[in-house]
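Hi there,

Here is the structure I promised to pass on to you. Have a look at it first, and then read on for my notes on what turned up.

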Amino acid sequence: MKALYQFLLVSTIVGTVTACNSQNKKTESDKVEVQATPRVVTLADFKKIKGVDNVQEVPFQLFTKMDSVHFFIAPSADSAYLKVQRHKLDNYYGFEEVGGFYAIHYSIENNISNSIQAFVLKSEFTASFDLTLKGAKLDEIRSSTYKAVDDFKNKSFDAYGTIAEVSEQEFLKASAHRVDEVLVKNPDVKLKNNIWTYTDKDKAYRITPYENTSEEEGTFYNAYIGQSKFMGLQVFHESSDATNETYYTFYEPIASVRYDLYAAGYPQVLPARSCLSWVTSNSSVGSDFVISRYVPSEKGQQGLLYVNFTNFKIADDEKAFWADKNTYYAAVYPLNSSPAKGKTQKMAFVKIQVKEELF
């Protein structure tokens, strides 16, 4: 019995050690560590690639708080790598995930014509689709314009009002009591033979789009959004894949006139202020928030306020609205690049309160 007991005891100890070693090996295999390499690497050893000239075309951005990061030649811990100092203006554009690495495009000294591909450790970066607004300076702006006067020095929204993150519950509750005009489609506006027409008393009026489609090199889109009863105008969403532009235009079909009204994002008409506003993601940095004064006699607009916020992108410009004459809500993403394929971004909500004296 004693011999049998000793055998079982030894077997148990051996089994336990083996299991622990196996678990340790699994844990180590899941963790990518920087390995020493004898090869001397410089930035010239990395693959040259076409630089990024529009952040919206980047699958996702990467962010780090480390003073220096490691650029690998290949997505392997055994690959040669270079330790690179992080600079404030550096951008790390992610294009795919490869095991414990991200494949990035990086412009050396921010020179787009001198760009390389590198592989960086996931442990050293946070991908944009994992970001939240926590810690972001929401009031930080790149520039602003108030009543046609540009300001490139002031980097805070404080001069115009306040901005803060709010809960989804507050956002939804406020949206139920919005004060801007909801654009509803007029049944008399219909698409006939690929031409938008407005019918009044059995007479049809053609609505001519802003762009001359016959001269477009590419596909032109002209979609009917709805009517603004306050303005007495029909609103269309126009875009061109040739110029990579999208905008909203305003028509009075009977007069056959496209008025001098324009919105780069989904328009919010605020009758109480006689204003037109919108938000949209800037093609370079952050998001644009715009308020224009509507001039009924001219059916035109005068610029009132333009602000370029730097630390978030607009998630859905159609979700933006005015809760009262001074309070504006928008759905945003805490990143500066387009959505990553197959990833769910963390949508957030902001409340912008504009000072009364600015109107």
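**Salt bridges**

A search of the whole structure turns up four salt bridges. Please keep in mind that this is a predicted model. Side chains of opposite charge can pair when their charged atoms come close.

How covered are the two partners? K122 has 26% relative accessibility and counts as partly exposed, and E97, at 34%, is also partly exposed.

Another salt bridge brings together the side chains of R178 and D180, at 2.5 Å from N to O. Here R178 is partly exposed, with a relative accessible area of 30%. D180 counts as buried, because its relative accessibility of 5% is under the 20% cut-off.

Then there is R273, which forms a salt bridge with E356; the closest N and O atoms are 2.7 Å apart. This pair links distant parts of the chain, 83 residues apart: R273 is in the loop between β19 (268–270) and β20 (275–281), and E356 is in the segment after β26 (348–354). R273 is buried, with a relative accessible area of 13%, whereas E356 is partly exposed at 45%.

**Strands and sheets**

Strands of a sheet pair through backbone hydrogen bonds, either parallel or antiparallel.

Six strands make up an open sheet with antiparallel pairing, in the order β10-β9-β22-β21-β20-β19. Which strands stand at the edges? They are β10 (149–151) and β19; each has a single partner strand, so one side of each is left without a neighbour in the sheet. From one strand to the next, the twist averages 20°. Within this sheet, β20 and strand β21 (residues 287–295) pair in the antiparallel sense over seven bridges, and W278 stands opposite V290 in β21.

There is also a hairpin to look at. Strand β13 (residues 195–200) pairs with strand β14 (residues 203–206) in the antiparallel sense, over four bridges. D200 has K203 in β14 as its bridge partner. Two residues lie between the strands of this hairpin, and K201 takes a positive phi near 55° there.

**A serine pair**

Is S107 buried or exposed? S107 is buried, with a relative accessible area of 15%. Its side chain and that of S115 are joined by a polar contact of 2.8 Å. Leaving aside neighbours within four places in sequence, S107 is in contact with I112, N114 and S115.

**Overall numbers**

Of the 359 residues in the protein, 45% are buried. Among contacts with a separation of 6 or more, 56% are between residues 24 or more positions apart. The protein exposes about 20,000 Å², and carbon and sulfur atoms supply 51% of that area.

Best wishes, and happy browsing!

Terms used
Residues are numbered from 1 along each chain as its sequence is written. This is a predicted model: local features need pLDDT of at least 70, side-chain atom pairs count only at pLDDT 80 or more; totals for chains, interfaces and linings use all residues. Side-chain values use heavy atoms; hydrogens and water are left out. Buried means under 20% relative accessible area, exposed over 50%, partly exposed in between (1.4 Å probe, protein chains only). Contact means heavy atoms within 4.5 Å. Accessible areas come from the Shrake-Rupley method with a 1.4 Å probe; for residues, only the protein chains shown count as cover. A polar contact is a pair of N or O atoms within 3.5 Å; within protein, one must be able to donate a hydrogen and the other to accept it, and residues adjacent in sequence count only if both atoms are side-chain atoms. Two strands pair if DSSP finds at least two bridges between them. Axes are lines fitted to C-alpha atoms, for helices over the stretch in contact, and angles run from 0 to 180 degrees between N-to-C directions.
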